[in-house]
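Please have the sequence and the structure at hand while reading.

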Amino acid sequence: SAIGADVFVDERLNGNELALSVDISGLAADNAVSKARLEILEGKPVSEPFDEIGFLAQIIIAERGGLKNEVALRSSLASYARAPFAWRAYLALAYEAFKDGDYEKSLNYARAAEFFSPESIKTHWRCVMLQGDSYRMQKLYDTAIVCYLKIVSASALRGEPHAEALYKIG
């Protein structure tokens with residue numbers, strides 16, 4: 001299945017030993033979706049049109065700051081909402097909305113990303129931080145601080161996330 005192939009690519013990119021043990025040197029691409037997957041696995045830029053590639057490839061491009069077609073990503077998200085990495089599409093859309101100054105839209109996407117992400121704060125802290133940033137940009141400072149305190153209080157996030165949240169608290 002398309003999602004199964006995307007899960008394999010995602011696991012390989014995340015260093016999963018089993019996925020890394022599979023020899024992909026003989027793989028050939030016969031369509032835009034598989035060509036994009038191979039280009040991602042090989043560390044190359046994706047050359048296929050954004051609206052013709054698979055869901056994970058769209059997410060990876062969006063995460064790298066190259067979201068070219070929000071409508072296509074939202075359409076893929078609607079089709080594959082139960083994919084294990086779908087929450088990352090919401091987060092990419094949240095960052096894009098934040099960058100565009102639409103803080104309410106950013107907040108809504110960041111909330112959805114947190115809701116659909118794995119439960120671990122180590123995974124979804126970026127969703128919480130972006131919620132805090134969106135609240136802060138709307139001058140809802142007390143609500144923003146609540147988000148930042150979630151990060152500060154998580155011992156698993158000691159380091160950069162903790163320091164960033166503390167800085168933003170002031």
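A search of the whole structure finds 0 disulfides, a disulfide being a pair of cysteine sulfur atoms within 2.5 Å. For cysteine 127, the nearest cysteine sulfur is that of cysteine 147, 11 Å away, and cysteine 147 likewise is in no disulfide, with the sulfur of cysteine 127 as its nearest. Cysteine 127 has a relative accessibility of 0% and counts as buried, and cysteine 147, at 5%, is buried too; here buried means under 20% relative accessible area, exposed over 50%, and partly exposed in between, computed with a 1.4 Å probe on protein chains only.

This is a predicted model, in which local features need pLDDT of at least 70 and side-chain atom pairs count only at pLDDT 80 or more, whereas totals for chains, interfaces and linings use all residues. Residues are numbered from 1 along each chain as its sequence is written, and side-chain values use heavy atoms, with hydrogens and water left out. The pLDDT, which is the predictor's confidence in each residue from 0 to 100, averages 92 over the protein, and 99% of the residues score at least 70.

| Salt bridge | N to O distance |
|---|---|
| Arginine 88 and aspartate 10 | 2.8 Å |
| Lysine 35 and glutamate 48 | 3.2 Å |
| Glutamate 164 and lysine 168 | 2.7 Å |

The bridge between arginine 88 and aspartate 10 links distant parts of the chain, since arginine 88 lies in helix 6 (residues 86-99) and aspartate 10 in helix 1, 78 residues apart. Both of these residues, arginine 88 and aspartate 10, are buried.

Lysine 35 and glutamate 48 form a bridge that ties together parts 13 residues apart in sequence, because lysine 35 is in helix 3 (residues 32-41) and glutamate 48 in the loop between helix 3 and helix 4 (55-63). Lysine 35 is partly exposed at 34%, whereas glutamate 48 is buried at 19%.

Glutamate 164 and lysine 168 are 4 residues apart in helix 10 (residues 160-169), a separation of about one helical turn. Glutamate 164 is partly exposed, with a relative accessible area of 28%, and a network of salt bridges links Asp133, Arg136, Glu164 and Lys168.

Note on methods. A salt bridge is a side-chain nitrogen of Lys or Arg within 4 Å of a carboxyl oxygen of Asp or Glu. Helices (H or I, at least four residues) and strands (E, at least two) are DSSP runs, numbered from the N terminus.
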